[in-house]
Amino acid sequence: MLKLEMILEVHQLKKQGFKVAAIARKCNLSRTTVYEYLEKDLHEVFDWIEILKTRKRKLDPYREHILAWLKEHPDLSASQIQDWLEERCSFRNVGDNTVRTFVRELFSQFKSFSCLSCLSLRDGSSLMSNSLMFF
């Protein structure tokens, strides 16, 4: 469940008369988290979600490098991309999961915009056929 959905559910359960401990058990959250969610104004939550959509990410400056590497070597793993970021771009301040998530989102972005044709490979195959290696 997405965080926004969880916050909304916590608020709904509280309106229905559930106690904090019952909400925590029902939603598999700590009581502290339930209190934190209840303190949030729903307008504040929606503003927070909008900020998350527009914030810069660590790998955004390297997006074009990563796309070029994937275009040339569609069988690259996220670990190899991370190694190349360290070796070729001197970028070390990134975790494994950050790279995996970024690469996965690149693929989903190109799927949703049907832009995989712009990443066609030299041998004529598409990046889409090799994208399952990242999931």
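Tutor: A residue counts as exposed when its relative accessible area is over 50%, as buried when that area is under 20%, and as partly exposed in between. Please keep in mind that the structure above is a predicted model.

Student: Is Glu64 buried or exposed?

Tutor: Glu64 has a relative accessible area of 55%, so this residue is exposed.

Student: With which residue does Glu64 meet in a salt bridge?

Tutor: The side chain of Glu64 meets that of Arg63, with 3.5 Å from N to O. Arg63 has a relative accessible area of 23% and is therefore partly exposed.

Student: How many salt bridges does a search of the whole structure find?

Tutor: The search finds 2. Besides the bridge of Glu64 and Arg63, there is one between Glu105 and Arg57, whose closest N and O atoms are 2.4 Å apart. Glu105 belongs to helix H7 and Arg57 to the loop between H4 and H5, so that this bridge links distant parts of the chain, 48 residues apart. Glu105, at 34% relative accessible area, is partly exposed, and Arg57, at 33%, is partly exposed as well.

Student: Let us turn to the overall fold. How many helices and strands does the protein chain have?

Tutor: The protein chain has 7 helices and 0 strands. Read from the N terminus, its elements run α-α-α-α-α-α-α.

Student: What share of the residues counts as buried?

Tutor: The chain has 135 residues, and 31% of them count as buried. As for its surface, the chain exposes about 9200 Å², with carbon and sulfur atoms supplying 50% of that area.

Student: Among contacts between residues at least 6 apart in sequence, what percentage joins residues at least 24 apart?

Tutor: The figure is 56%. Residues count as being in contact when their heavy atoms lie within 4.5 Å.

Student: How should I read the aromatic pairs, and how many does the structure hold?

Tutor: One reads the angle between the ring planes: under 30 degrees is called stacked, over 60 edge-to-face, and the rest tilted. The structure holds 2 such pairs. Tyr62 and Phe91 form one of them, with 4.7 Å between centres and 40° between planes, which is a tilted arrangement. Tyr62 lies in the loop between helices H4 (42-54) and H5 (63-72), and Phe91 in the loop between helices H6 (78-89) and H7 (96-112), so the pair ties together parts 29 residues apart in sequence. Both residues, Tyr62 and Phe91, are buried.

Student: How is the aromatic pair of Trp69 and Trp84 arranged?

Tutor: Trp69 and Trp84 are edge-to-face, at 5.5 Å from centre to centre and with 85° between the planes. Here too the pair links distant parts of the chain, for Trp69 is in helix H5 and Trp84 in helix H6, 15 residues apart. Trp69 and Trp84 are both buried.

Student: What sits over the ring of Trp84?

Tutor: The charged end of Arg88 sits there, 3.6 Å from the centre of the ring.

Student: Which residues of the largest nonpolar core touch the most other members?

Tutor: They are Leu59, Ile66, Trp69, Ile81 and Leu85, in a core of 19 residues. Helices H5, H6 and H7 each supply at least two residues of this core. Leaving aside neighbours within four places in sequence, Trp69 is in contact with Leu76, Ile81, Trp84, Leu85, Arg88 and Cys89. A second, separate core has 11 residues, among them Ile7, Leu13, Ile23 and Ala24.

Student: Where is His11, and which residues does it touch?

Tutor: His11 is in helix H1, residues 3-15. With 15% relative accessibility, His11 counts as buried. Beyond residues up to four places away in sequence, His11 touches Tyr37, Leu38, Lys40 and Leu42.

Student: In which helix does Tyr37 lie?

Tutor: Tyr37 lies in helix H3, residues 31-39. Its relative accessible area is 8%, so Tyr37 is buried. Setting aside residues up to four places away in sequence, Tyr37 touches Lys3, Met6, Ile7, Val10, His11 and Leu29. The C-alpha atoms of Tyr37 and Val10 are separated by 7.1 Å, although these residues are 27 residues apart along the chain.

Notes: Residues numbered from 1 in each chain as written. Predicted model: local features only at pLDDT ≥ 70, side-chain atom pairs only at ≥ 80, totals over all residues. Heavy atoms only, no water. Helix = DSSP H or I, 4+ residues; strand = E, 2+ residues; numbered from the N terminus. Buried < 20%, exposed > 50% of the residue type's maximum accessible area, 1.4 Å probe, protein only. Areas by Shrake-Rupley, 256 points an atom, 1.4 Å probe, with all protein chains shown as cover. Phe/Tyr/Trp six-rings, centres within 6.5 Å; stacked < 30°, edge-to-face > 60°. Lys NZ or Arg CZ within 6 Å of the ring centre and 35° of its normal. Salt bridge = Lys/Arg side-chain N within 4 Å of Asp/Glu carboxyl O. Core = buried A, V, L, I, M, F, W, Y, C linked by side-chain atoms within 4.5 Å.
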